[in-house]
Amino acid sequence: MTVVHGPEPVAAILRAMAADTDVCGELVRAARTRSPELARLTEAETRSHVTAMIRAAGSWFTALDRVEAVEEQDFTAALLLGADRAVQGVPVTAVLRGVQAALTRAVEITMDRCRSVGVSDGVLLFVVLRLKEYGDAVERHVVHGYRAAEGTAHGGAEEARTRLLRQLLVGGLVPADEELARAGIRPNAEGLLYCFVADPAHPHASRSPRAATARLDGHLAGLCPRPPRAEEVPSGSLVVIAPAAPPAGLRAWYRLCVRAVDVGRRQGRHGLYDVTDFAAEIALADQPLLSAHLSRRLLGALDPADGFHRQLAITALTFLDCGHRLDQTAAALFTHPNTIRYRLGRLQQVTGGSLVDLPSDGGSGPVHALHWWWALTTWLRADGEPPAQP
């Protein structure tokens, strides 16, 4: 085997390694295995930095005979790596563990390839020393890039999240996976995300880990890989969560969650709710013409200026919300069941209709109750705000 002297073949080996997808994959795996924090990022993000730094190492070797050229080597990839990880919130120690693991594996592969082409022992020692020097320079520039971005990382990440959440939830445009990951938005193993909307009066309305939040058009919106839990919602906050959906389907759920939060705030609700808990209110609110007509037809005899009539309407609505149970209605209104019975009777006398007796046209019980609930809610809202849910 011919013995090769000089650093020239090493530069060619490093350039070939940068173009070798298997080698880059090995270095990526080494970094992700050594640093669990990096493993939570996409593999493509790590691969792009690894490729750039191996390519730069090849240029490092070709310029070793010119001191000024070595000083002018391009470490942009290392600076960008540090800055990106700062924005993503990865601890600098975790970043350096990954960098060191990838560099160590790169040296091992380089040594094996140098021996296979007959590089002399003297040159191998030279290669090890220069790769160590290159690795130290890479680490310095990674830390420099990290520290430079650290001061503005929070604001930069927040701006990126807001921009992407607006793009996705308001505009309906789905960003690339890499963009979402850089903004801290990562779907679960099934590629799905949970969208939630919170009462904007509570800026920290969800303590769900890995939740990416932003204020959008007067609402606090968020995305997370798992749904928030009840204990993660601070006391007094209102959070509405949608079912898991792919990024392309989140816009529609976001709109429904916004509608649900608006309804919940009017009703004085707080806590964690599924968006379907507001399904009836949202659906009926989309039909204002029908709402007004149904209210006039069933409750036209009620006088909005009469306090007793309003009391009758509140009692009837509470009776429906309590599943036609007199005892539960009385408890919710802090009165006696006989009082509830009396008020329902008076409502029937005034309006000519009954919440319990089916109409003569043969309508079904659930639909009949829905019509009354819809009419009562509309009538009370026109006279002010409907009562809070019992």
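Strand β3 (residues 219-224) is mostly covered, with 6 of its 6 residues buried, where buried means under 20% relative accessible area, exposed over 50% and partly exposed in between (1.4 Å probe, protein chains only). The model is predicted: local features need pLDDT of at least 70, side-chain atom pairs count only at pLDDT 80 or more, and totals for chains, interfaces and linings use all residues. Residues are numbered from 1 along each chain as its sequence is written, and side-chain values use heavy atoms, with hydrogens and water left out.

**Chain overview**

- The protein chain has 16 helices and 5 strands; helices (H or I, at least four residues) and strands (E, at least two) are DSSP runs, numbered from the N terminus.
- Of the 390 residues in the protein chain, 44% are buried.
- The protein chain exposes about 19,200 Å², and carbon and sulfur atoms supply 55% of that area. Accessible areas come from the Shrake-Rupley method with a 1.4 Å probe, and for residues only the protein chains shown count as cover.
- Taking contacts in the protein chain between residues at least 6 apart in sequence, 70% join residues at least 24 apart; contact means heavy atoms within 4.5 Å.

**The sheet**

- The 5 strands form an open sheet in the order β2-β3-β1-β4-β5, with mixed pairing. Two strands pair if DSSP finds at least two bridges between them.
- The edge strands are β2 and β5 (271-274), each of which pairs on one side only.
- Neighbouring strands of this sheet are turned by 25 degrees against each other on average, direction ignored.
- Strands of a sheet pair through backbone hydrogen bonds, either parallel or antiparallel.
- Strand β1 (residues 194-198) runs antiparallel to β3 and is joined to β3 by 5 bridges. Alanine 198 stands opposite leucine 220 of β3.
- Strand β2 (residues 212-216) also pairs with β3 in the antiparallel sense, over 5 bridges. Here threonine 213 stands opposite glycine 222 of β3.
- The hairpin of β2 and β3 has 2 residues between the strands, and aspartate 217 takes a positive phi near 50 degrees in this hairpin.
- Strand β4 (residues 238-241) pairs with β5 in the parallel sense over 4 bridges. Leucine 238 has glycine 271 as its bridge partner in β5.

**The two sides of β3**

- In a regular strand the side chains alternate between the two faces of the sheet.
- His219, Ala221 and Leu223 point one way from β3, Leu220, Gly222 and Cys224 point the other way, and all are buried.

**Helix packing**

- Helix α10 (residues 250-266) lies across β1, β2, β3 and β4 and runs at about 30 degrees to β1. Axes are lines fitted to C-alpha atoms, for helices over the stretch in contact, and angles run from 0 to 180 degrees between N-to-C directions.
- Helix α12 (residues 288-299) and helix α16 (residues 365-382) pack at an angle of about 100 degrees, their axes 8 Å apart. Helix α12 is therefore roughly perpendicular to α16 (angles under 35 degrees count as roughly parallel, over 145 as roughly antiparallel, 65 to 115 as roughly perpendicular and the rest as oblique).
- Residues making this contact include Leu290, Leu294 and Leu298 of α12 and Trp372, Trp374 and Trp379 of α16.
- The residues of the contact of α12 with α16 divide into 10 nonpolar, 4 polar and 1 charged. Ala, Val, Leu, Ile, Met, Phe, Trp, Tyr, Cys and Pro count as nonpolar, Asp, Glu, Lys and Arg as charged, and the others, Gly among them, as polar.

**Arginine 32**

- Arginine 32 is found in helix α2 (residues 21-34), and counts as buried because its relative accessibility is 19%.
- Not counting residues up to four places away in sequence, arginine 32 touches Leu38, Ala39, Leu41, Thr42, Glu43 and Thr46.
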